Amino acid sequence: MAKREDGDGRTLVASNKKARHEYTIVKTYEAGLVLSGTEVKSLRAGHVSLNEAFAQELNGEIMLHGMHIADWGFGDWTRHAPRRTRKLLLHRVEIDRILTKLREGGGLTLVPLSLYFANGWAKVELALAKGRRSYDKRQAIAERDANREIARNLGRHLKGQLKDRRSAPRPR
């Protein structure tokens, strides 16, 4: 079953949490997917994994490799291969921009961040990303923890101020 529905009509099916840890996100794109019937039914049931998925150019188009969509239990001769290569649907201008950035170098790669349904259509949030080194990952974790601690202390401070205002006598 799909996980949750956002305020803008999106129903999240799967997310790649490890990608945000492993990569620095440069730019994100929304792409459609070419799927068969049993794949859509399996997606709606939430039987999908993006952990080892990546996107590559093939004959001028962008293809998604390594995404696992489990077999739908009630399919017969229409069953799909769980890890088949799937075509991503993007505008030609977007494909050209992505491919020029990938060909420029700089260690950029295409990584899927999440898979969701938007108005009944299966979509993938695709990121142009650069790999992080281990010290970059440690620095990102330390920065995230520091920001969390600052927010926590600020919240406590503001709550303390509100309490003081409520308990203080009102001027007449």
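Predicted model: local features only at pLDDT ≥ 70, side-chain atom pairs only at ≥ 80, totals over all residues.
## Other salt bridges

Side chains of opposite charge can pair when their charged atoms come close.

A second example joins R103 and E57, whose closest N and O atoms are 3.2 Å apart. Because R103 lies in helix α3 and E57 in strand β5 (residues 54-58), this pair ties together parts that are 46 residues apart in sequence. R103 has a relative accessibility of 58% and therefore counts as exposed. E57, at 36% relative accessibility, counts as partly exposed.

The side chains of R152 and E149 meet at 2.9 Å, N to O. These residues are 3 apart in helix α4 (residues 134-167), so about one helical turn separates them. R152 counts as partly exposed, at 38% relative accessibility, and E149 is also partly exposed, with a relative accessible area of 35%. Elsewhere, salt bridges that share partners join E39, R84 and R86 into one network.

## Helix α3

Helix α3 consists of 13 residues, which at 1.5 Å a residue should span 18 Å. The C-alpha atoms at its ends are 18 Å apart, in agreement with that expectation. The buried residues of α3 are I95, I98 and L99. They cover an arc of only 95° around the axis, so they lie on the same side of α3.

The buried residues of α3 pack against strands β3, β5, β6, β9 and β10. On the face of α3 turned away from this buried side are the exposed residues V93, R97 and E104. After α3 comes G105, which has a positive phi, near 100°.

## The nonpolar cores

The largest nonpolar core contains 26 residues. Those that touch the most other members are L43, V48, I62, L64, M67, L88 and L115. Several elements each supply at least two residues of this core: strands β2 (10-15), β3 (23-33), β6 (61-65), β9 (108-118) and β10 (121-131), together with helix α3 (92-104). β10 gives the most to this core, with 4 residues. Apart from it lies another core, made up of 5 residues, among them V111, L113, A127 and A129.

## Contacts of L115

L115 is one of the residues that touch the most other members of the largest core. When neighbours within four places in sequence are left aside, L115 is in contact with L12, V13, A14, L33, L43, V48, L50, M67, K123 and V124. Among these contacts, L43, V48 and M67 are also listed with L115 as touching the most other members of that core.

Technical notes: Residues numbered from 1 in each chain as written. Heavy atoms only, no water. Core = buried A, V, L, I, M, F, W, Y, C linked by side-chain atoms within 4.5 Å. Buried < 20%, exposed > 50% of the residue type's maximum accessible area, 1.4 Å probe, protein only. Contact = heavy atoms within 4.5 Å. Salt bridge = Lys/Arg side-chain N within 4 Å of Asp/Glu carboxyl O. Expected span 1.5 Å × (residues − 1). Arc of directions from axis to C-beta.
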